[in-house]
Amino acid sequence: MSRYPITWRLLDLVEAVAALLWPRALHRYTGWLLLLPAIALVGLLVAGLAYMGDSSLRLLDTETFEQSEDYTLANYRDLIEKPTYFTVLMRSTGAATLVTVLTLVLAFPYAYSMVRTRSAWRRKLLLVSLFLPFFIGQVVRAYGWLVVLGKTGIVNTLLAHLGLGPFKMIYTYPSLVFGLVQYMLPFAVLLIAPAITAIDEELEAASESLGATGWRTLRHVILPLAKPGLVASAVVVFTLTITDYAMPVVLGGGTNDFIANAVYDAFFRISDNGLGSALALTLVVFASTLVAVMLGLMGAGTLGMRPSGRGR
Amino acid sequence: MDKRKPFDRRDFLLGAAATAATLPFGGLAFAAVPAKPKELIVRVWGGEWKDAIDSGVSKSFTANTGIAIKYDETEDNELQPKLWAAVKQKRRPPVHVNWDTTTNATKSALRNMGEDLSDLTNLPGLLPVAKPLGFDKWPLVNVYSYVYVLAYSQEAFPKAAPDSWNVLLDPKYKGRIALYNDGIGFHPAAQVAGGGKVSDIPKNMKACWDFIAKLKSQKPLLGEDPDFTNWFQKGEIDLACTIVTNARGAKKNGVKVAWTVPKEGAKMDTDALWVPKGMPANELYWAKQYVNHALSKEAQQVWCDGLGLPGVNPGIKPPDDMIGDSAYPTKDEDFKRLLRVPNKVQVENEKEWFGRFKQIMQG
Amino acid sequence: MSAPMVKVEQVAKRFGEAAAVADVSFSLERGRFLTILGPSGSGKTTLLRMIAGFIDPSAGEIFLKGQPVSAMPVHKRSIGMVFQRLALFPHLTAWENVAYPLKMRRFDPREIPDRVARFFRIVKLDGLEKRRIHELSGGQQQRVAIARALVFEPDLVLLDEPLAALDRKLREEMQVEFRRIQLDLGVTTINVTHDQREALVMSDEIMVMDHGRMLQLAPPAEVYRAPANAFVAGFLGLTNLLRARVLQADGSGLRLQAGDREWHQPMSRQLTVQPGTWVDCALRAERVRIVAADAGPGTGEKARGEVHDVLFEGDRVVYEVRAPALGDAVVRVIDRAPERHRLLERGRAVCLDWDDTDLLVFAV
């Protein structure tokens, strides 16, 4: 005996309620309705940016700790004249570039073997080792590295048994880059994996049978076809890194600040909303420009926004 | 219970009874006592700091009044803009009492954010350092002083304490020294160690900046209060300029750390309590009572013992381990060795000094 | 005497316990077209992929031009392959796809444009060089794939059912087209398919496989007319398989009993069966004659039955006849000239007849 399933009944009920709340006549606006939350969110963001824009044009009066009534470009002049900000901005950009390159180099083979492996348990192992650190927050993970790599940490303790060290492995720029790469790896793998899944394995077989070695197949077939995933993960990793705050705080030892740390300092340490806003907006414009250039160079089609053939 | 509702007869009677019970500790000026809130929220620093105010001030306050104390551990710098925004928009502020650095409390006072505390009954009889400089009234009250000492690992200095801040420049300790990440607490010491005079601050601070620039090549770690305790414990540093409380915390945890006030002297500063504007009258009343209680001899004795810092109530006894310690000034000659910069100067120059410090350290 | 182009010697492939290919041996001379025919799961694709080098044999050796190739990686073998899903590179143009093997095999760059152009002409795609793959029709994509597999003039071309996805008309066109190109270029080819028509039309030789075993290797006409066993007979063409019992077997032939009928069967080839055993009798549907039972005495009858179903296909009619006399077997009959006969309706009693020589007998 087949009965009308309870889930169908529930769906009918939901549809009936939806029909009451959103009558048929309004159906051609349904698209807009679904867009509403996104529009509201973006609207809030724009409002926030406008507010910061206004604030960035006002100077802090240190006698009253109020912002000036008049508009001035003094905060922006500060950014240009004080070399600290240029240094910090360049450090963020340099680190973001380095972290992006290293992360992609490590993430690609990881994603590739995860997708292509024939062994189910190996795929599970790779997935679990990818997700386990994913569920541990960035700050906790950074502190974990302090425990592992510190002067009295696990690695130095082991080295001491071999009569080596102790080595200074934390509170340095390399340790900061290391921590960031480790943090970004899951994001990159998760963005690259679908792109590799979308590449028909027969293309690789075909390339080989046409005379290409593994390396040439990688260069001429796999990498070009995985480009959407590579570009997406490059954009995500670059943006997350250039705006990172926690890693420099925890692993940077206080002398490797990124631009977000400078923004924090301006807002919360010297209570200068104007300077903080100017810095934050500069970061937004700078990072967006870099990402736009990146996407421009890679071609607009790289995010899969073009018709694809043969339903692949 | 709706905290805004006008007093009714029952509340009044309860309040009166409570007043009778608390008269010996409070000494209130009113005959009738406003309704008690269920709880008050106090912003505190975590760790050692919270434990100290809890056992010293809050426990006895709750015992006396029945009002529970809840803590908000938001960083002082992060709470500040929220407080400012709340007061400006006439909303209820997020905390009833803010435990703050005197520098930050002064910033808020300059913006007229704090309630006047002039009528607290415990104010007369406090040390002069309790009174904020540059204000007619009491928009904040200083509660104890503290010294930015030179803390050191006894393993690195087994025989004698380093006698000068110049030890920070010794290549032997490269990468093993630490400062606050905003340079706070170090400027006057650096000024003197670099051959300048404290009285030249803020006009001429070349000596200070030159000294800090030299320090940069020593690859210092820069952090905040809990970092120093942690770094000493994990063997990451040998020397640090930090508030004595943090070094004392590491020592209590069994780490071989000691501290000294070098021959050049060390910066002394104060922390404060203040009550933000914008709360209902009865809560304001009890928030002020909390501050008043914090200034009492009994509360100061336990609170400041916990911190290892000299309170502003002159009657309290130093904790056993701080007797005769140069970082726990009690006598005039102790105070003479300490370096002070008026809070107003600090507030007005903070941005500039912070910028200079960052420029050197991030370069 | 030069070595054959392909020689497969006792090749087997096991996946765990299961044998995908078991002990296959054959050789193929230069320029010949071999089709490996079998149902899905017969091991034909596994065998093809072993020759291509994508799968290592568990046992046996494969020789190309007399050289063993087990240890030779795929890209070093001179083999062009047309894949089931074509495997054209979607990020390249048609021209770049065809030029790809030339570039990978380091052909002289000056020679590449001419050669690519020649093969575009051969597959009749000239003018479409600049198109991207998704801008081409299914048939055009087939042609690109074929050109790409042939352009470097490999010793051997492998076709892994590339035509299966096409509609029938296009598929039949491409079969003829590819055969023409193959003959023109004289390229040795191995094709894999489950389509018997494709096998019959295109090949010089057909190899029938089932359950990993090679059942028969012979020219198309021979495979069709003289199948090696009942499976082969059943797989090619529309064939009736009837179970019969051997009553008597001697030099003159067999006496068989199917249902309540007895047939005499002259011996057409070597077959050793004992009286009392069962045999399979294969009978091509087009070899059966069908007449209405009331049409008067005919030339003879092997069985009677009743029309159970009629499938009118235009150029032919397929009858399904239920024959109670043959143990209630259903006999399918093809009438190839329906325009000359009256259509027999469902339910009509009919007589079935066939020539003795058309009944193929196999031991069970």
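Let me begin with one pair of side chains, those of Arg111(B) and Glu66(A), which meet in a salt bridge with 3.5 Å from N to O, where a salt bridge is a side-chain nitrogen of Lys or Arg within 4 Å of a carboxyl oxygen of Asp or Glu. Please keep in mind that this is a predicted model, in which local features need pLDDT of at least 70 and side-chain atom pairs count only at pLDDT 80 or more, while totals for chains, interfaces and linings use all residues. Residues are numbered from 1 along each chain as its sequence is written, chains are lettered from A and ligands numbered from 1 in the order in which they are written, and side-chain values use heavy atoms, with hydrogens and water left out.

That pair belongs to the interface of chain A with chain B, where the count is six salt bridges. The contact (heavy atoms within 4.5 Å) takes 32 residues from chain A and 32 residues from chain B. Together the two chains bury about 3,000 Å², with 49% of it on carbon and sulfur atoms; buried area here is the accessible area, taken with a 1.4 Å probe, that two parts lose on being put together, summed over both. Of the area that chain A buries against chain B, Phe65(A), Phe268(A) and Arg269(A) supply 22%, more than any other three residues.

Three salt bridges are counted between chain C and chain A, and Arg85(C) forms a salt bridge with Asp200(A), whose closest N and O atoms are 3.5 Å apart. Chain B and chain C, by contrast, are joined by no contact, and their closest C-alpha atoms lie 46 Å apart. Two pairs of chains touch, and the most contacts are between chains A and B.

Now to the helices, which are DSSP runs of H or I with at least four residues, just as strands are runs of E with at least two, both numbered from the N terminus. Two packed helices are described by the angle between their axes and the distance between the axes. The axes are lines fitted to C-alpha atoms, for helices over the stretch in contact, and angles run from 0 to 180 degrees between N-to-C directions.

In chain A, helix α4 (residues 83-116) and helix α10 (residues 214-242) pack at an angle of about 135°, with axes 9 Å apart. These two helices, α4(A) and α10(A), are therefore oblique to each other, given that angles under 35 degrees count as roughly parallel, over 145 as roughly antiparallel, 65 to 115 as roughly perpendicular and the rest as oblique. The residues of the contact of α4(A) with α10(A) divide into 15 nonpolar, seven polar and no charged, where Ala, Val, Leu, Ile, Met, Phe, Trp, Tyr, Cys and Pro count as nonpolar, Asp, Glu, Lys and Arg as charged, and the others, Gly among them, as polar.

In chain C, the axes of helix α4 (residues 138-150) and helix α5 (residues 168-185) come within 11 Å and cross at roughly 20°, and α4(C) and α5(C) are therefore roughly parallel to each other. By class, their contact has seven nonpolar, two polar and two charged residues.

Finally, a cis peptide bond joins Ile201(B) and Pro202(B), with omega about 5°.
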